[in-house]
Amino acid sequence: MLEGAKSIGAGAATIASAGAAVGIGNVLSSSIHSVARNPSLAKQSFGYAILGFALTEAIASFAPMMASLISSVFR
């Protein structure tokens, strides 16, 4: 019973990787659209895009950490 719950928990934690990929795509797509609409704000928009990319990547890096934590704590 516990092994099945561990597998389900670790699998659910790794689903965040797919969400992070979608988030990164949204950030870069929005950045391209904003530069196409207003090229004079390209530098400011790039800074916001990098911030969004970094925050989305943080979620992607927390997912494997949580999966390994779930697998190792419950023995």
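Colleague: In which helix is Ser-45 found?
Modeller: Ser-45 belongs to helix H3, where a helix is a DSSP run of H or I with at least four residues, a strand is a run of E with at least two, and numbering starts from the N terminus. The model is predicted, so local features need pLDDT of at least 70 and side-chain atom pairs count only at pLDDT 80 or more, while totals for chains, interfaces and linings use all residues. Residues are numbered from 1 along each chain as its sequence is written, and side-chain values use heavy atoms, with hydrogens and water left out.

Colleague: How many helices and strands are there in the protein chain?
Modeller: The protein chain has three helices and zero strands. Read along the sequence, the pattern is α-α-α.

Colleague: Why is Ser-45 called buried?
Modeller: Buried means under 20% relative accessible area, exposed means over 50%, and partly exposed lies in between (1.4 Å probe, protein chains only). The relative accessibility of Ser-45 is 15%, and therefore Ser-45 counts as buried.

Colleague: Which residues does Ser-45 touch, not counting those up to four places away in sequence?
Modeller: Ser-45 touches Ser-31, Ser-34 and Val-35; contact means heavy atoms within 4.5 Å.

Colleague: Is Ser-31 buried or exposed, and what makes it so?
Modeller: Ser-31, which is found in helix H2, has a relative accessible area of 14% and is therefore buried. Beyond its neighbours within four places in sequence, Ser-31 is in contact with Ser-45 and Ala-49.

Colleague: Why is Val-35 called partly exposed?
Modeller: Val-35 has a relative accessible area of 30%, and therefore Val-35 is partly exposed. Val-35 lies in helix H2, which covers residues 16-37. With neighbours within four places in sequence left aside, Val-35 is in contact with Ala-42 and Ser-45. Val-35 and Ser-45 are ten residues apart in sequence, and their C-alpha atoms are 7.2 Å apart in space.

Colleague: Why is Ile-15 called exposed?
Modeller: The relative accessible area of Ile-15 is 57%, and Ile-15 is therefore exposed. Ile-15 is in the loop between H1 and H2. Ile-15 and Ala-63 are 48 residues apart in sequence, yet 7.8 Å apart in space, C-alpha to C-alpha.

Colleague: At what angle do H2 and H3 pack?
Modeller: Two packed helices are described by the angle between their axes and the distance between the axes. H2 and helix H3 (residues 42-73) pack at about 175°, with their axes 9 Å apart. Axes are lines fitted to C-alpha atoms, for helices over the stretch in contact, and angles run from 0 to 180 degrees between N-to-C directions. Angles under 35 degrees count as roughly parallel, over 145 as roughly antiparallel, 65 to 115 as roughly perpendicular, and the rest as oblique. H2 is therefore roughly antiparallel to H3. Among the residues in this contact are Gly-23 and Ser-31 of H2, and Ser-45 and Gly-52 of H3.

Colleague: At what angle do H1 and H3 pack?
Modeller: H1 and H3 pack at an angle of about 175°, with their axes 8 Å apart. H1 is therefore roughly antiparallel to H3. The contact includes Lys-6 and Gly-9 of H1, and Met-66 and Ile-70 of H3.

Colleague: Are H1 and H2 roughly parallel or antiparallel, and why?
Modeller: The axes of helix H1 (residues 2-14) and H2 cross at roughly 5° and come within 4 Å. H1 and H2 are therefore roughly parallel to each other. Ala-12, Ala-13 and Thr-14 in H1 meet Ala-16, Ser-17 and Ala-18 in H2.

Colleague: What radius of gyration does the protein chain have, and what would a compact globule have?
Modeller: The protein chain has 17 Å, whereas a compact globule of 75 residues would have a value near 11 Å. The radius is taken over C-alpha atoms, and the globule rule is 2.2 Å times the number of residues to the power 0.38. Along its principal axes the C-alpha trace spans about 60 × 15 × 5 Å. Buried residues make up 21% of the 75 residues.

Colleague: Which residues does the UniProt annotation "transmembrane region" cover?
Modeller: The unreviewed UniProt entry gives residues 7-28 and 48-74; positions follow the numbering used here, feature names are shortened, and annotations may be inferred rather than shown by experiment. In the model, residues 7-28 are 95% helix and 0% strand, with end C-alpha atoms 33 Å apart.
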